[in-house]
Amino acid sequence: MNPFDYARAGDVAEAVRLGAVPAAAFLGGGTNLVDLMRETVARPSHLVDVTGLSGGIEDTASGGLLIGAGVTNTVFAEHIAIRTRYPVLARAILAGASAQIRNMATVGGNLLQRTRCTYFYDTDGSRCNKRAPGSGCDAIDGFNRGHAILGASAACVATHPSDLCVALAALDAVVHLRGAGGVRTLPFAELHRLPGDHPEIDTVLQPGELITAVELPALPSAARSTYRKVRDRSSYAFALVSVAAVLDVKDGRIADIRLALGGVAHKPWRATRAEALLRGRPASAQAFRDAAIAELADAKPLSNNGFKVPLATRTIVAVLGELAGAVA
Ligand SMILES: Cc1cc2nc3c(=O)[nH]c(=O)nc-3n(C[C@H](O)[C@H](O)[C@H](O)COP(=O)(O)OP(=O)(O)OC[C@H]3O[C@@H](n4cnc5c(N)ncnc54)[C@H](O)[C@@H]3O)c2cc1C
Ligand code: SF4
């Protein structure tokens, strides 16, 4: 581990001031960052502890919820308003990590956790463009079972590891930010990047920009929402494929649908093509299957992960079928 200094921010303004130093990093629960520092993948020289800036969970004037970036994953998942109004979020969070890690992990840190690509963590000889730009990508011709099938590039085929983020993508959440340039908000779908030629850059955040909160819109249809995660074992495993969905069926037709996939791309994948095909259509197993196939049509599997295409297709159909109830 490289040497670093540590300061605990007393308020948001102080966190932004301390975080403006080059090579500074904000410290949430440390459940990802500290591992990255131990492996020398991350080498911040200043750690700014932001766990004192929780912010809590509050109703917004527009009928949604504002979740402070320092709220732990456990508190987030257990909150009654989350469980009843946005169950997809509670299910996604509880599908991740372990109870002990969720007790430490914060909302801000969850959003900015880094990929679990093995080569990214292996500083002992593996080539990785995300860790060392220009060095190459050992996953492309290597062990790529967990890697991306959508939106990848010749530079990087990593997936985004967060479960929570898949649910936030489906819900059209908004990220609240504060940096040296002031405050701004960002649609959640725009926070994470596809890798392109610069996989070392995960998000569109400016250096030193602090996530202060995540806002959930008022979305009555989200009361009928769920998250399903397919993985190699039932705990301590990242998604091979996951599906977050909101479905509102009125008189047999789909009045509203929001669908996002995890484990398939460098960012949570909002399934806009499938949504467009389904909105206003009769809710049937065949319609769900057609939409899932259309969403996966551009998939480009790697040598070890071709199974993700039928797996994602089947999981979409199963999740939408579950939300719709018994469909033909
Ligand atoms: C064994 C294990 C299994 C796991 N399994 C899963 C899983 O199945 N699903 C899943 O989704 N996750 C899983 N995780 C990941 C876990 O959810 C993340 O490590 C956690 O959410 C990160 O939160 P944190 O507060 O500890 O972040 P930290 O480790 O403190 O920080 C992570 C990143 O976020 C930045 N950051 C933190 N707060 C802010 C802020 N407010 N503003 C700007 N930047 C900030 C940090 O600088 C750092 O870059 C697992 C982790 C472990 C160790
Ligand atoms: S897939 Fe991305 S993170 Fe993994 S080795 Fe290749 S460049 Fe690195």
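## Salt bridges, an open sheet and enclosed spaces

Asp 172, Asp 256, Arg 258, Arg 270, Glu 275 and Arg 279 are joined in a network of salt bridges, a salt bridge being a side-chain nitrogen of Lys or Arg within 4 Å of a carboxyl oxygen of Asp or Glu. This is a predicted model, in which local features need pLDDT of at least 70 and side-chain atom pairs count only at pLDDT 80 or more, while totals for chains, interfaces and linings use all residues. Residues are numbered from 1 along each chain as its sequence is written, chains are lettered from A and ligands numbered from 1 in the order in which they are written, and side-chain values use heavy atoms, with hydrogens and water left out.

**Salt bridges**

- The count of salt bridges comes to 18.
- Another salt bridge joins the side chains of Arg 184 and Glu 209, at 2.7 Å from N to O.
- Arg 184 belongs to strand β7 (residues 182-187) and Glu 209 to the loop between β7 and β8 (210-216), so this pair ties together parts that are 25 residues apart in sequence.
- Of these two partners, Arg 184 is partly exposed with a relative accessible area of 30%, whereas Glu 209 is buried at 9%.
- Lys 250 and Asp 248 also meet through their side chains in a salt bridge (2.7 Å, N to O), and Lys 250 is partly exposed, with a relative accessible area of 48%.

**Sheet and helix**

- An open sheet is built from 5 strands in the order β4-β5-β8-β6-β7, with antiparallel pairing; two strands pair if DSSP finds at least two bridges between them.
- β4 (57-59) and β7 stand at the edges with a single partner strand each, so one side of each has no neighbour in the sheet.
- On average, neighbouring strands of this sheet are turned by 25 degrees against each other, direction ignored; axes are lines fitted to C-alpha atoms, for helices over the stretch in contact, and angles run from 0 to 180 degrees between N-to-C directions.
- Strand β6 (residues 174-179) pairs with β8 in the antiparallel sense over 5 bridges, and Leu 177 has Ile 211 in β8 as its bridge partner.
- Helix α5 (residues 87-94) is mostly covered, with 6 of its 8 residues buried: Pro 87, Val 88, Leu 89, Ala 90, Ala 92 and Ile 93.
- Helices (H or I, at least four residues) and strands (E, at least two) are DSSP runs, numbered from the N terminus.

**Cavities**

- The whole structure has 3 cavities of 30 Å³ or more; on a 1 Å grid over the protein atoms alone, a cavity is a set of points where a 1.4 Å probe fits but cannot get out, and lining residues have an atom within 4 Å of a point.
- The largest cavity holds about 90 Å³ of space, and of its 16 lining residues, Cys 117, Cys 128, Lys 130, Cys 137 and Cys 156 lie nearest its centre.
- The second largest cavity has a volume of about 70 Å³, and its lining includes Lys 130, Asp 202 and His 266.
- Grid points are joined across faces, edges and corners, and a volume is the space filled by probe spheres set on the points.

Note on methods. Buried < 20%, exposed > 50% of the residue type's maximum accessible area, 1.4 Å probe, protein only. 1 Å grid on protein atoms, 1.4 Å probe; cavity = no way out; pocket = protein on both sides within 12 Å on 5 of 7 lines; lining within 4 Å.
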